[in-house]
Amino acid sequence: MKLCTVAVIFAFLLTAETTLSHEQEGRGVRGDRRLPGKGGKGGKGGKKSGKKDTEKLLVKHYLANLNSGQETTECSSGAFGNAYMVVTDHVLCYSVSFTSLVGSFTLAHLHGPALPLEDAGLVIDFMPDLAASYFSNCTEVDDDLEADLDNGLTYINIHSDLCPSGELRGQVLPTFKIDAMVTSEDAY
């Protein structure tokens, strides 16, 4: 994977930290809470009051290194990959890349809860473009899945036609958490 592509993906994810659920915020909602100044409590029906309302968000980061050595199946391959994930306000944004699959890419999932080398049920179907060797998107997560991510109890599985049970696997591990301040003006 070229350094330029890595830089673009990293920049996208850094930007996503403070703009994760702006589709919802455009309607004046962040999750199930109303933002002040946009028709929610504390605001005046969308009129600007001249002062900025701020909201403190916890931003959690996760990484996964993918390889065939973590697979519980009989598939052996020299393929490898990585994943970077961010959770803020119950929204998970992810970017996954891989290379050198022995078969053709068919599926990609997040599974859990499971320790390394244990199998678990499907949690998120990433539904990527099968012509690419990378994908990224955002999706909502519940408290249980967020707790599993925080405790290192999820893994990413990349499937191929020659390894239908999985060719690459990587345990998702928490790396760090930061508090981010977002103003209601930033959200629009």
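Rings of Phe, Tyr and Trp (its six-membered ring) are taken to pair if their centres lie within 6.5 Å, with planes under 30 degrees apart counted as stacked, over 60 as edge-to-face and the rest as tilted. By this criterion, a search of the whole structure, a predicted model, finds five aromatic pairs. In this model, local features need pLDDT of at least 70 and side-chain atom pairs count only at pLDDT 80 or more, while totals for chains, interfaces and linings use all residues. Residues are numbered from 1 along each chain as its sequence is written, and side-chain values use heavy atoms, with hydrogens and water left out.

Tyr-94 and Phe-126 form a tilted pair, 4.4 Å centre to centre with 50° between the planes. Tyr-94 belongs to strand 5 (residues 91-99) and Phe-126 to the loop between strand 7 (122-125) and strand 8 (134-140), so the pair links distant parts of the chain, 32 residues apart; strands here are DSSP runs (E, at least two residues) and helices likewise (H or I, at least four), numbered from the N terminus. Both Tyr-94 and Phe-126 are buried, where buried means under 20% relative accessible area, exposed over 50% and partly exposed in between (1.4 Å probe, protein chains only). The rings of Phe-105 and Phe-135 are stacked, because their centres are 6.3 Å apart and their planes at 10°. Phe-105 lies in strand 6 (residues 105-111) and Phe-135 in strand 8, so this pair ties together parts that are 30 residues apart in sequence. Phe-105 is buried at 10% relative accessible area, and Phe-135 is buried at 6%. Ring pairs join Tyr-94, Phe-98, Phe-105, Phe-126 and Phe-135 into a cluster.

Turning to the cysteines, the search finds two disulfides, each a pair of cysteine sulfur atoms within 2.5 Å. Cys-75 and Cys-163 have their sulfur atoms 1.7 Å apart, and with 50° about the S-S bond their link is right-handed. Both Cys-75 and Cys-163 are buried. In the disulfide of Cys-93 and Cys-138, the sulfur atoms are 1.9 Å apart; the torsion about the S-S bond is about 105°, so this disulfide is right-handed. Cys-93, in strand 5, and Cys-138, in strand 8, are 45 residues apart. Cys-93 is buried at 0% relative accessible area, whereas Cys-138 counts as partly exposed at 29%. With the bonded cysteines numbered in sequence order, the pairing is 1-4, 2-3.
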